[in-house]
Amino acid sequence: MDIFDVIGPVMIGPSSSHTAGAVRMGNLVRKLLGDDVSDAEIYLHGSFALTARGHGTDRAIVGGLIGLSPEDGKIVKSYELASESGLSFRFIPFDLGEVHPNTAMIKGRGKRGGEIKLQLSSVGGGKIVLSEIDGVKVRFEGKYPTLIVFNDDVPGVVVSVSTLIAEEGINIVEMRVYNSDDNKSAVMIINMNKPVDDEFILKCRSVREIRKIIYIDKLY
Amino acid sequence: MKSIYDLVKQADERKTSISRIIIDQQISELSISESEAVEEMALRYRIMRESVIRGIKLNSKSVTGLSGGDAFLLDSYIKNEFSHGNGITVRIMRNAVAVSEVNASMGKIVAAPTAGSCGIIPGLLTVLEDEKRIEREKVVMSLFTAAGFGSVVAQRSTLSGAEGGCQAECGAAAAMAASAGCELLGGTPEQCSHAFSLSLINSLGLVCDPVGGYVEYPCVYRNAIGAVNAYSAMIMALSGIKSIISADDVIAAMKDVGEKMDTTLKETSLGGLAATPSACSICSSFLK
């Protein structure tokens, strides 16, 4: 275990799960959208719904959506900063069913019109897990540089992508494929041992069956 | 490092400190230079220091009104009763409460090992630095010792209140602080492990029952007493007192107790202090 996780992280209080983790949730929505967020609907479940105000979970998520980091003191003023940067948001207490007690579903729209819907849980110590993207169940923990690939669910896509990765001299640490309920689309989560660059992402976009590809470096 | 036993054995074999073993291991694991590792830890210590100063001045209540202003009260007490120095335990309490209150008021802190227990390690170490006039570099190095002990707890048990109760957060923090303080005041690696054990045995069974689910009451005061627990255990170990149960076994006991602890007492706010009539009336008045 990384000792800087034991003495750390540096964060704005009061709770690593309800505050630091909540900021990272907002950050991830922004990253996966690849754009500034203009509009967000935030559904809070369980402990998040019950204790959001006292823990600053609400301000933390909004802070994350406008790109603040968990150690940024401006989180306290994130509502004001959000209105300055043109983000409108709504919080809705909601029962998401059998999920971790610290879970939120965030629907975000970007300034350029893109949309994304994520279900995220804050699992302790400021760590988060992404459990759903646009209705597809996934599992992303942020431990490795990761590619999230949305593709048509046809044979051969896995091979095309993994070949491109191998050509970069990069090893796949772990790869999971998730199918949508209608079997028309799939999401691949590919954890790699090394980061990739923009040029590589462009190369992947040339694969015809790929609808969308997102790259995230490790979160911690 | 898989056990405290290994940690002490390695330090003894190499005739060096526990902090040296941990830092060497980290620079090889994370592929960073020694100066980068030290700088990363020094940054954390600076933030701990800043949060102490901020917390002592912070004479206001948190968002919920459940905490705030108590480090200020302790500071006034020190000024009245200990104007000529001394009062080391009350200074430790003040600094621990200060950091904990900064956390409750959405200020910047270092989770050590968690946000809920963030006052204990800085509470003890900042006072030792001031009172014993220890060089800053040595204090920063002692944080590697605290982190090394903490990571063994994380591997063999847990550092989460939701899994192990408060013994896993404030209990672990106090034991980590005791071992760091012991090294700082010249204790041997073996004495550090006794300081750790003598501290943790006094937190076994401590439940996590925060009022309303907020990291405030009793957390702030558990940080104060946790820091004093660390100081006491450190002194006992430095005086030559030994724990007859090994540190790894004390960690195993903590795990056992945590597993047997009822879920209502593990950060759910369904039992203990959180379920008392006065807690319920405080929360209903806040939620209105």
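Modeller: A:Ile12 stands opposite B:Lys108, a residue of S1(B). The two strands concerned, S1(A) and S1 of chain B (residues 108-110), pair in the antiparallel sense over three bridges; strands pair if DSSP finds at least two bridges between them. Helices (H or I, at least four residues) and strands (E, at least two) are DSSP runs, numbered from the N terminus. The model is predicted, so that local features need pLDDT of at least 70 and side-chain atom pairs count only at pLDDT 80 or more, while totals for chains, interfaces and linings use all residues. Residues are numbered from 1 along each chain as its sequence is written, and chains are lettered from A and ligands numbered from 1 in the order in which they are written.

The contact takes 28 residues from chain A and 37 residues from chain B; two residues are in contact if their C-beta atoms, placed from the backbone, lie within 7 Å. On the side of chain A that touches chain B, helix H1 (3-6), strand S1 (10-12) and helix H3 (46-55) of chain A each supply at least two residues. H3(A) gives the largest share of that side, six residues.

On chain B, helix H2 (residues 18-29) contains B:Gln26. Leaving aside its neighbours within four places in sequence, B:Gln26 is in contact with A:Ile3 and B:Ala37. B:Gln26 is buried because 23 other C-beta atoms lie within 10 Å; a residue is buried if 20 or more other C-beta atoms lie within 10 Å of its own, exposed if 12 or fewer, and partly exposed in between, with C-beta atoms placed from the backbone.
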